[in-house]
Amino acid sequence: MQKSLHIDPAKCTGCLQCESACSLVNEGTVNPAKSRIKVFSFHDEGRFVPYTCTQCDEAWCMQACPVDAIVLNPVNGSKDVLSDVCVGCKVCTIACPFGTINYNTSTGKVVKCDLCGGDPECVSACPTQAITYVDANATGLDKMRAWAMKTDNAGA
Amino acid sequence: MSWTRKFLRVNLTSGAITEEALNMQWAHDYLGQRGLATRYLVDEIDPACDALGPDNKMIMTTGPLTGTIASTGGRYSVVCKSPLTGTVACSNSGGFFGAELKFAGWDMIIFEGKAATPMYLSIEDDVATLLPADDLWGKTVWEADKMLRQKHQDPQTKIACVGRSAEEGCLYSAIVNDLHRAAGRSGVGTVMASKNLKAVIVRGTKGLGGIQDPKRFLQVTKDAKKVLADNAVTGQGLPAYGTQVLMNVINEVGALPTRNMRETQFEGASNVGGEAMHEPRKSDGKPNLTTNGACFSCTIACGRISTIDRTHFSVKDKPEYWINSGGLEYEAAWALGPDTGVDDIDALTYVNFLCNEDGMDPISFGSTVAAAMELFETGAITTEQTGGVELKFGSAEALCWAAEMTAKGEGFGIDLGLGSKRLCEKYGKPELSMTVKGQEFPAYDPRGIQGMGLAYATANRGACHLRGYTVASEILGIPEKTDPLESDGKAGLVKAFQDATAAVDSAGLCVFTTFAWTMDDIAPQVDAACEGDWSTERMMEVGERIWNLEKDFNQKAGITGADDTLPERLLKEAANTGPAKGRVNELDKMLPEYYQLRGYSTDGSMTDETRQKWALPS
Ligand code: SF4
Ligand code: SF4
């Protein structure tokens, strides 16, 4: 079963455990500045929203790359950057409509979420289940369940 | 390692900024943050110096677990001599500023001297620069935050800033970071402003590596997070209600200080507690509480994110306050509410916003207003001083007005900025000040919780609940239940809490974890992260050493055992309702045993023997 990251901002507390976990596994240090998942705090609205690559099927970044450094991982469906092929031209960062692929000044390559090869660290790190890794065919299941409950008129 | 092993020294007089290596011997003896910075302070300033003069220093300091994935590993402290108490000041804050300082590669910043004109410090990893802050001076924390973000064009910068109250000399001004987290107590913001330092902004992109045993650290921090998640207080109570979970509990046990601590129960408590923050309001059907928020790395997330009712008198013409921001936590809600007799949750939230916006400690502010209200009642203060305002217990209007005036440092707000002790002295009624060593009480009446009387009397920064929170044992049964009305056996309990807390603070962790964690949960995390063996015993030992170092600083600053006392009201006037009815605090029964356990002389002074035992600097 192919799986997909599923984000529920209402559960997020903005603790950044996900950013720390992401940077730790990918960069070897706790370094939110280098995290591939970012949590945005909309202070005046009192909202925290985690955001990262959704692994588009026909990924803009992959299509745009002139040296084919971004490839489909057939197992988990992620679009992975081949660091040794990437030339750091940043065209993919322009092509991606969501801003989720970014240039890393210390390596001269781009980085993006690769679902940690099928076991995303942010998911294990999140204390509130704001990020889960679920069946890619049914990311809306929990919302459907919530609405389904409301349509139950048994008690009416 | 987990310490970055280097710190910044910023001389504001000369403008020189230098990098120095961390004294690792001291790190081994004092761990970090509170302990380590106090060691530097003791070494570098004369304890008798003028707290608001250039000879005082101000240290922003992190712990070895700050910036790690350990739950709540995001804290920093500000250490200096306090202008409010004359003791050592150490105020702890969460948010994201402390971790960012670590990510920029620094354990601490020592500020010394005084700038000739307003400045702010900008840190981008290795590069630290002092920049002019003339345009920021006179601005609130929230305004300055906006201006700095605009100027530096970096939305991810973390900012710690003082407000107008600090500039105007309010003696309990805080340093506010991330808009609504504060190094709140003892006037550390006043010290910062006295140095003409408006803000510190940090961007760290280097990250934190060098964990001693990364694999074990992952495992022990994971185990420890599970302990927090499975605990009823840290797993459910705090996320749902924040520290406000305590309001009704403390009222019921008859230990909710009310109307300047005249009474011990408040009839309006349920209107301003954690449950009330969930109640939909009439005007728009929304509750006061929008959501809970966490500090860096915190898996508890006690933080309150709240709004004020837009139709409330305090904000109905001020759309700038129709936003979400940091809401009421228990100590603030108590000081602004029960202690002033006000049970209007929107007024309390508004004043809490102002305390964040202009950097005032809400505990000291609320308690000072409470004292002013009693002075008004006795006629010592009249409408002549207040400019016509009826400063009466229970008046939400008066409370809001007082906050606005103190935030700006105008009119009667200047008097309120003196704090309760100096205010009551000024108006000839020192006995009405509910303070220890000049610092206002927090939200637990020591007539109903006996151990807290001793904890307040002996706390090294004046009355404070965060130096030895025996409420955990006496009320909540953590780690084991003791009788709150019994003073017997409390000396040992207070000492144990004081020592443990000093170690927790110094690690860079939040003390709220100790509702669930014991030192046996904490020590392995420090041990896996840091070089050397950090057993439970060593942590307790380090905690006790830190306690005595602080005590010794105070003694050299001229504080004596005679200052280890409580206001007469708590020692002589019995509680009139509730479970503690008929009780006073039995401090005199607890103090001698406490001094003995601490190895102090019977008059409460540090002995040479104890000083030697802990190898304290002479
Ligand atoms: S770990 Fe979870 S709760 Fe914390 S910031 Fe990330 S998504 Fe939000
Ligand atoms: S428990 Fe509360 S104060 Fe402590 S670190 Fe977590 S959110 Fe911050």
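Trainee: Which residues lie nearest the centre of the second largest pocket?
Mentor: Keeping in mind that this is a predicted model, the residues nearest the centre of the second largest pocket are Ser124(A), Ala125(A), Cys126(A), Pro127(A) and Lys225(B), and they belong to a lining of 33 residues.

Trainee: And what volume does the second largest pocket have?
Mentor: The computed volume of the second largest pocket is about 800 Å³.

Trainee: How does the lining of the second largest pocket divide by class?
Mentor: Sorted by class, the lining of the second largest pocket has 16 nonpolar residues, 11 polar ones and 6 charged ones.

Trainee: OK, what about the largest pocket, how much space lies in there?
Mentor: About 1,300 Å³ of space lies in the largest pocket. Its lining consists of 44 residues, and the closest to its centre are Ser41(A), His43(A), Arg149(B), Pro155(B) and Leu179(B).

Trainee: Which strands and helices supply that lining?
Mentor: Chain A supplies at least two residues from each of strand S2 (38-42) and strand S3 (47-51), while chain B supplies at least two from each of helix H3 (97-103), helix H4 (141-152) and strand S14 (303-306). By class, the lining of the largest pocket has 18 nonpolar, 11 polar and 15 charged residues.

Trainee: Changing topic, how many residues are in contact between chain A and chain B?
Mentor: On the chain A side 20 residues are in contact with 33 residues of chain B. The area buried between the two chains is about 1,800 Å², and carbon and sulfur atoms give 59% of that area.

Trainee: Which residues of chain A lose the most area to chain B?
Mentor: Those are Gln17(A), Val30(A) and His43(A), which together account for 29% of what the chain A side buries. His43(A) is also one of the residues closest to the centre of the largest pocket.

Trainee: How many salt bridges are there between the chains?
Mentor: The count between chain A and chain B is 0 salt bridges, although the rule finds 11 residue pairs in polar contact across the interface. On the side of chain A that touches chain B, the largest share, 3 residues, comes from helix H1 (residues 17-27), and the residues of that side divide into 8 nonpolar, 8 polar and 4 charged.

Terms used: Residues numbered from 1 in each chain as written. Chains lettered and ligands numbered in written order. Predicted model: local features only at pLDDT ≥ 70, side-chain atom pairs only at ≥ 80, totals over all residues. Heavy atoms only, no water. Contact = heavy atoms within 4.5 Å. Buried area = accessible area lost by both parts, 1.4 Å probe. Salt bridge = Lys/Arg side-chain N within 4 Å of Asp/Glu carboxyl O. Polar contact = N/O pair within 3.5 Å; in protein donor to acceptor, adjacent residues only side chain to side chain. Helix = DSSP H or I, 4+ residues; strand = E, 2+ residues; numbered from the N terminus. Nonpolar A, V, L, I, M, F, W, Y, C, P; charged D, E, K, R; others polar. 1 Å grid on protein atoms, 1.4 Å probe; cavity = no way out; pocket = protein on both sides within 12 Å on 5 of 7 lines; lining within 4 Å. Points joined across faces, edges and corners; volume = space filled by probe spheres on them.
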